[in-house]
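Subject: Structure handover

Hi,

Please have it open while you read.

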Amino acid sequence: MVSTRLRGFPPVIDRRCRTLVLGSFPSQASLVKAQYYGHPQNQFWRLVGHVIDVALQDKEYDRRLEVLLAHHIGLWDVIGACERAGSLDSSIRRAQQNVFHHVTRIATGLRCICFNGKTAGRFEPVFAEQGYETFVLPSSSPANTVTYSVKLRAWRQALGSRASKGKRTTGHRSPVTGHASSC
């Protein structure tokens with residue numbers, strides 16, 4: 001396969017966001033649809049929907065984004081541009097990282113960073129060192145064969161109490177850093 005230079009999407013963020021979910025880079029299906037998590041088998045919208053008790057997968061894309069923001073959840077990727085043949089993260093070459101200070105200038109209350117999968121999770125130490133609560137979550141990708149119930153349990157731990165009412169919580173520990181939650 002031939003790899004080509006690809007560009008990702010802008011962040012979905014506003015000043016109210018306290019949690020940011022970072023993926024690695026959009027799949028081919030997502031790029032074609034110009035939508036985050038656009039592959040029909042990707043479980044992202046179903047997982048977050050179960051956490052916040054809203055059937056996101058049944059809503060139009062723009063409405064999904066509105067609901068995320070209403071629950072103080074932002075969305076972006078760690079990689080802004082790369083070369084890749086196919087959709088697998090292992091095929092990513094010449095990756096260019098997104099510039100995160102643009103997001104933190106807008107979302108000044110950002111407290112928690114969740115990484116959707118191991119590739120995005122490679123950036124976890126950088127954010128933990130900056131004082132963010134961090135969670136590396138099982139990937140929502142159809143290529144990840146972890147059962148849905150295991151994924152959902154981890155996603156609930158990271159997003160559940162933060163997203164449901166927009167309240168700050170304490171007492172959670174990141175499965176990656178072990179730090180107590182400040183989100």
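Leaving aside its neighbours within four places in sequence, Pro10 is in contact with Tyr36 and Trp76, where contact means heavy atoms within 4.5 Å. Pro10 sits in the loop that links β1 and β2. With a relative accessible area of 59%, Pro10 is exposed; the classes are buried for under 20% relative accessible area, exposed for over 50% and partly exposed in between, using a 1.4 Å probe and protein chains only. Between the C-alpha atoms of Pro10 and Asn98 there are 9.4 Å in space, against 88 residues in sequence.

Some background before going further. This is a predicted model, in which local features need pLDDT of at least 70 and side-chain atom pairs count only at pLDDT 80 or more, while totals for chains, interfaces and linings use all residues. Residues are numbered from 1 along each chain as its sequence is written, and side-chain values use heavy atoms, with hydrogens and water left out.

Now the overall layout. The protein contains seven helices and seven strands, and along the sequence they follow the pattern β-β-α-α-α-β-β-β-α-β-α-α-β-α. Helices (H or I, at least four residues) and strands (E, at least two) are DSSP runs, numbered from the N terminus. Of the 183 residues in the protein, 54% are buried. Among contacts with a separation of 6 or more, 60% are between residues 24 or more positions apart.

Strand β6 (residues 112-116) is worth a look. Five of its five residues are buried, so β6 is largely enclosed by the rest of the structure. Cys112, Cys114 and Asn116 are on one side, Ile113 and Phe115 on the other, and both faces are covered. Two strands pair if DSSP finds at least two bridges between them. β6 runs parallel to strand β2 (residues 19-23), joined by four bridges, and Val21 has Cys114 as its bridge partner in β6. With strand β7 (residues 133-137), β6 pairs over five bridges, again in the parallel sense; here Asn116 stands opposite Leu137.

There is also an open sheet of three strands, in the order β1-β4-β5, with antiparallel pairing. β1 (4-7) and β5 (93-97) are at its edges with a single partner strand each, so one side of each has no neighbour in the sheet. Strand β4 (residues 79-84) and β5 are joined by three bridges, and Ile79 has Gln97 as its bridge partner in β5.

Which residues of α2 are buried? They are Phe44, Trp45, Leu47, Val48, Gly49, Val51 and Ile52, which is seven of the nine in this mostly covered helix. Asp53 follows α2 and has a positive phi, near 65°.

Finally, the second largest pocket. A pocket is an open set of points on a 1 Å grid over the protein atoms alone, where a 1.4 Å probe fits, with protein on both sides within 12 Å along at least five of seven lines; lining residues have an atom within 4 Å of a point. This pocket has 13 lining residues, with Tyr37, His39, Pro40, Trp45 and Arg64 nearest its centre. The elements that give two or more residues to its lining are α2 (44-52) and α3 (61-70).

Best wishes
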